Amino acid sequence: SGAGTIVADATANQSIILSAAGAGQTNLFSNLVRFINLFDASSIPDSDNIDSAILSLWGRSASSNELGGTPKIEVVVCAPASNTALAAADFNIANWTMTLQATGIAITSWSNGAYNNFTLNSTGLANISKTSITKFGEVHTDDQDGTFNGTWGADLSDIGPLYSADQIGTTNDPKLAVTHTATVVAANQGYSFVW
């Protein structure tokens, strides 16, 4: 629940990670890595309805599920202090709302070399800002629900590897595709009759 120890906000290769500590450290963990991604959706007209949205993350290599169980990569909400740079303090749980914004993707189903698509639920849609920056984050299931669901083993890890926006080009960037429609306002119609 404290501040993080490592910040990487300009590195292409990222991962959501839960790692067990080494031998002699039974039931302790050495790494818990979260991913933060921000989107500017302010070009959507304020009066439009947001109908649906898909958040997509490009899998950059094979995933790992060494700790067993059925962990997923989950989409939640985060609130980093800055919209342009991360800080170690952003890791503090006070900056995260762990309510699920989409159905998670099992680490064992994580696509390598393709987009992993999260269809946002009604909560996720409501968190898309039409006036400011939209802030989502991705975490390991056990981080999201606060319960370890696997089997501890020294130096084992669950890893969901992905690319950040710092990957060269835009082909593999995280993306948020939003479908929205204009609000239709019915005008009063007047009729004139001449006899």
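1. The accessible surface of the protein amounts to about 10,400 Å², and carbon and sulfur atoms contribute 51% of that area. Of the 195 residues, 39% count as buried, where buried means under 20% relative accessible area, exposed over 50%, and partly exposed in between (1.4 Å probe, protein chains only).

2. The model is a predicted one, in which local features need pLDDT of at least 70 and side-chain atom pairs count only at pLDDT 80 or more, while totals for chains, interfaces and linings use all residues. Residues are numbered from 1 along each chain as its sequence is written, and side-chain values use heavy atoms, with hydrogens and water left out.

3. Two helices and 12 strands make up the secondary structure; helices (H or I, at least four residues) and strands (E, at least two) are DSSP runs numbered from the N terminus. The order from the N terminus is β-β-β-β-β-β-β-β-β-α-β-α-β-β. The protein is more spread out than a compact globule, because its radius of gyration of 20 Å is well over the 16 Å that the globule rule gives for 195 residues. That radius is taken over C-alpha atoms, and the rule is 2.2 Å times the number of residues to the power 0.38. The C-alpha trace spans about 100 × 35 × 30 Å along its principal axes.

4. Among contacts with a separation of 6 or more, 80% join residues 24 or more positions apart; a contact means heavy atoms within 4.5 Å.

5. Three aromatic pairs are counted, the rule being that rings of Phe, Tyr and Trp (its six-membered ring) pair if their centres lie within 6.5 Å, with planes under 30 degrees apart stacked, over 60 edge-to-face and the rest tilted. One of them is the edge-to-face pair of Phe29 and Phe148, at 5.0 Å centre to centre and 65° between the planes. Phe29 lies in strand S2 (residues 29-33) and Phe148 in the loop between helix H2 (141-145) and strand S11 (157-163), 119 residues apart. Phe29 is partly exposed at 34% relative accessibility, and Phe148 is partly exposed at 31%.

6. Trp58 and Tyr115 also form an edge-to-face pair, because their planes stand at 85° with ring centres 5.0 Å apart. Trp58 belongs to strand S4 (residues 49-58) and Tyr115 to strand S9 (residues 115-119), so the pair ties together parts 57 residues apart in sequence. Both Trp58 and Tyr115 are buried.

Methods. Areas by Shrake-Rupley, 256 points an atom, 1.4 Å probe, with all protein chains shown as cover.
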